[in-house]
Amino acid sequence: MADGNEWKELLREGERLDDLQRDGLKLIQNPSWFCFGMDAVLLSSFTKVKEGDSCLDLGCGNGVIPILLAGKTKGKSFDGLELQKDIVEMAKRSVCGNHLNDRVQIHQGDICEAVAHFGAAVFDVVTSNPPYMTGAHGLVNETGHKAIARHELTCTLENLIDNATRLLRPGGHFFMVHRPFRLAEILSCMVSHRLEPKRMRLVYPYVDKEPNMVLIEGVRGGNSRITVEKPLIVYERENIYTDEVRRLYCD
C-alpha cells in the first residue's frame, strides 16, 4: 500500500481519502460527484468469486467494488468499466495507491459497447450497481456525475443485462444490487436474456420497514430455480447496525 505521503500526491483538490476497513485498502472520492454507499458494500459481500475467476464491474464509478473484491477474494483479475473520464482517472489513482495494478484495471467506456471493448464470453463474474431510476424519473436539479449515477440517462436496465449476459462465459455469474420497486422488470428482463435468476435477498433498513434494496444473482444459461435468502436487516435502531451488517463490513 502507498504510505501517507504517496496518498497525498495522488489526491487532487476537493477529494478525500476513505478507509475501506479491509487490509489497509483506501479509496479516493470526490464528495461533489458521487460517493459509494452501503449498496456497494452489500453487493461486494453478496458476490461470490472463486479462485482464478476473471471479474468485471459495469459502471464501476470510483472503483470501490473491484478494489473490495480484489481485497477479499482470490479472483485472478478485476476489471471496471466507467463512462466518465474524470471518474476513471480518479479510480485509477485509487488502484495505484493500493498497489493493485497487477489485478485491477479500470477502463473508460460505455456499457452499451462493453462487448466490443472486451469481447464476448470472456468473464466468469460480472457485477453492477447501476442507476436505479428510469430516464428522468425523480430528476430534480441534478446534473453531471450525480445524475448519471442515479438515472438511466446513458444505459437502460435492459442494455445492462443484455451486455452482462454476452460478456459472461456460459455458466458465468451476474451479481447486481437494485431497488425492489423494479423487481418484476428485473427478473423478466434477466429471463428474457437467458440470465437465469438463481439467488435473491431483500434488504430492509429496519425490521418493521419495507425493503429498499434487492441483491440478485443470475447464471448465464442456468436452469429455472431461484433461492430467496432470509431478509437482511441493516439497523437495530437509528445509527446502530445489526450484528450481521457489522460482520459484512469485515467479512
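Two strands count as a pair here if DSSP finds at least two bridges between them. Keep that in mind as you tour this predicted model.

**Stop 1: strand 9.** Select residues 213-220, which make up strand 9. This strand is mostly covered, with 7 of its 8 residues buried. Buried means under 20% relative accessible area.

Stop 2: To see one of the contacts, click on R199 and look across to E217, its bridge partner in strand 9.

**Stop 3: another partner, strand 7.** Next, colour residues 168-178, the span of strand 7. Strand 7 runs antiparallel to strand 9 and is joined to it by 6 bridges. Here, pick H173: its bridge partner in strand 9 is V219.

**Stop 4: the cavity.** How many cavities of 30 Å³ or more does the structure hold? There is 1, and the largest cavity has a volume of about 30 Å³. Strand 3 gives the most, with 3 residues.

**Last look: the lining by class.** Colour the lining residues of the largest cavity by type, and you will find 5 nonpolar, 1 polar and 2 charged residues.

How values were computed:
Residues numbered from 1 in each chain as written. Predicted model: local features only at pLDDT ≥ 70, side-chain atom pairs only at ≥ 80, totals over all residues. Heavy atoms only, no water. 1 Å grid on protein atoms, 1.4 Å probe; cavity = no way out; pocket = protein on both sides within 12 Å on 5 of 7 lines; lining within 4 Å. Points joined across faces, edges and corners; volume = space filled by probe spheres on them. Helix = DSSP H or I, 4+ residues; strand = E, 2+ residues; numbered from the N terminus. Nonpolar A, V, L, I, M, F, W, Y, C, P; charged D, E, K, R; others polar. Buried < 20%, exposed > 50% of the residue type's maximum accessible area, 1.4 Å probe, protein only.
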